[in-house]
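User: I have a structure open and would like to go through it. Can we start with some of the buried parts?
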Amino acid sequence: MGSVKAEPRLTHRQRQALATQQLVVGAARRLFLEQGYGATTIDDIAREAGVAVSTVYSIFGNKRGVLRAIREAWHQTSRQRDFRQDALAHENPAQRFELMAHLTRRQWETGAEMVRIYQSAGAADPEAAAELQQALGGRRAAQRHFVAESAAMLRPGLSVERASALLQALTLFEVYHELVTESGWTPDEYEAWLARTLGEQLLGGALPEGDEPSVQS
């Protein structure tokens with residue numbers, strides 16, 4: 001049997017650089033939430049992180065570079081890409097869309113702050129707003145790819161285009177925010193509702209009697 005290749009170990013200098021990057025990202029996240037993206041300067045971020053201004057510029061280039069690093073840290077925390085691939089590996093339709101519901105719950109459960117930061121950034125910086133639109137476009141494309149890969153599982157008569165629109169609408173952050181933040185649902189309740197609703201709308205599965213009515217297609 002072949003031996004398992006060990007992961008390369010980081011050098012002391014690499015560990016220091018990574019720790020500094022994480023320090024700056026954490027400081028910027030706090031400041032963007034507290035005082036807004038537009039009002040926060042690189043000097044503010046450096047002071048909050050306890051590093052030189054030149055260090056922030058050398059790692060991130062500019063404030064939008066810091067913003068992108070915050071978004072990438074969120075992707076790694078929420079593991080959206082991994083969960084989407086795991087879901088597509090399931091041949092069972094119900095399990096596939098249950099994992100999509102879990103992915104969405106985790107995405108917004110870990111991403112509420114990210115949404116607030118990008119809303120603030122988009123209002124203050126046209127280029128940040130363009131990056132936000134690009135990110136939303138990427139999410140829409142990933143959703144459509146998921147549906148296209150699940151086309152054989154969709155209920156009869158439901159096109160990929162219509163199913164993609166339903167998936168996009170039902171998994172919006174605004175729906176999570178309304179149900180969990182504003183209406184007091186637990187994240188578990190949200191995930192269970194979303195899994196049932198996706199099953200009914202996309203796969204044709206019936207909801208148990210007495211459950212909430214879902215969006216009609």
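**A walk through the model**

Analyst: Phe 32 has a relative accessibility of 3%, so Phe 32 counts as buried. Keep in mind that this is a predicted model.

User: Which ring does Phe 32 pair with?

Analyst: A search of the whole structure finds seven aromatic pairs. One of them joins Phe 32 and Tyr 37, with 5.0 Å centre to centre and 55 degrees between the planes, and this pair is tilted.

User: And Tyr 37, buried or exposed?

Analyst: Tyr 37 is buried, because its relative accessible area is 2%, and the cut-off for buried is under 20%.

User: What sits over the ring of Tyr 37?

Analyst: The charged end of Lys 63 does, 4.4 Å from the centre of the Tyr 37 ring.

User: OK, zooming out. How many helices and strands does the protein chain have?

Analyst: There are 10 helices and zero strands. The pattern along the sequence is α-α-α-α-α-α-α-α-α-α.

User: What does the C-alpha trace span?

Analyst: Along its principal axes, the C-alpha trace of the protein chain spans about 60 × 55 × 30 Å. The protein chain has 217 residues, and 40% of them count as buried. Taking contacts between residues at least 6 apart in sequence, 61% join residues at least 24 apart.

User: What does UniProt list for this chain?

Analyst: An unreviewed UniProt entry lists "domain: HTH tetR-type" for residues 18-78. In the model, residues 18-78 are 82% helix and 0% strand, with the end C-alpha atoms 20 Å apart. The UniProt annotation "DNA-binding region", also from an unreviewed entry, covers residues 41-60. Over residues 41-60 the chain is 80% helix and 0% strand, and the end C-alpha atoms are 13 Å apart.

User: Back to the inside. How many residues are in the largest nonpolar core?

Analyst: The largest nonpolar core has 55 residues. Those with the most contacts inside this core are Phe 32, Val 56, Leu 67, Ile 70, Tyr 190, Leu 198 and Leu 202. Helix H6 gives the most to the core, with 11 residues.

User: Why would nonpolar side chains be together like that?

Analyst: In soluble globular proteins, nonpolar side chains tend to be buried together.

User: What is Ile 117 in contact with?

Analyst: Leaving aside neighbours within four places in sequence, Ile 117 is in contact with Arg 29, Phe 32, Leu 33, Leu 67 and Ile 70. Leu 154 is 37 residues from Ile 117 in sequence and 36 Å away in space, C-alpha to C-alpha.

User: Which residues of H9 are buried?

Analyst: H9 covers residues 173-182, and its buried residues are Phe 173, Tyr 176, Leu 179 and Val 180. Seen down the axis of H9, these residues fall within an arc of 145 degrees, so they line one face of the helix.

User: What do the buried residues of H9 pack against, and what is on the face turned away?

Analyst: They pack against helix H6 (93-124) and helix H10 (187-203). The face of H9 turned away from the buried side carries the exposed residues Glu 174 and Glu 182.

User: What follows H9?

Analyst: Gly 184 follows H9, and the phi of Gly 184 is positive, near 80 degrees.

User: Which aromatic cluster is Tyr 176 in?

Analyst: Tyr 176, Trp 185, Tyr 190 and Trp 193 form one aromatic cluster. Tyr 176 is buried too, with a relative accessible area of 6%.

Technical notes: Residues are numbered from 1 along each chain as its sequence is written. This is a predicted model: local features need pLDDT of at least 70, side-chain atom pairs count only at pLDDT 80 or more; totals for chains, interfaces and linings use all residues. Side-chain values use heavy atoms; hydrogens and water are left out. Buried means under 20% relative accessible area, exposed over 50%, partly exposed in between (1.4 Å probe, protein chains only). Helices (H or I, at least four residues) and strands (E, at least two) are DSSP runs, numbered from the N terminus. The arc is that of the directions from the helix axis to the C-beta atoms. Contact means heavy atoms within 4.5 Å. UniProt positions are given in the numbering used here, feature names are shortened, and annotations may be inferred rather than shown by experiment. Rings of Phe, Tyr and Trp (its six-membered ring) pair if their centres lie within 6.5 Å; planes under 30 degrees apart count as stacked, over 60 as edge-to-face and the rest as tilted. A charge sits over a ring if NZ of Lys or CZ of Arg is within 6 Å of the ring centre and within 35 degrees of the ring normal. A nonpolar core is a set of buried Ala, Val, Leu, Ile, Met, Phe, Trp, Tyr and Cys residues joined through side-chain atoms within 4.5 Å.
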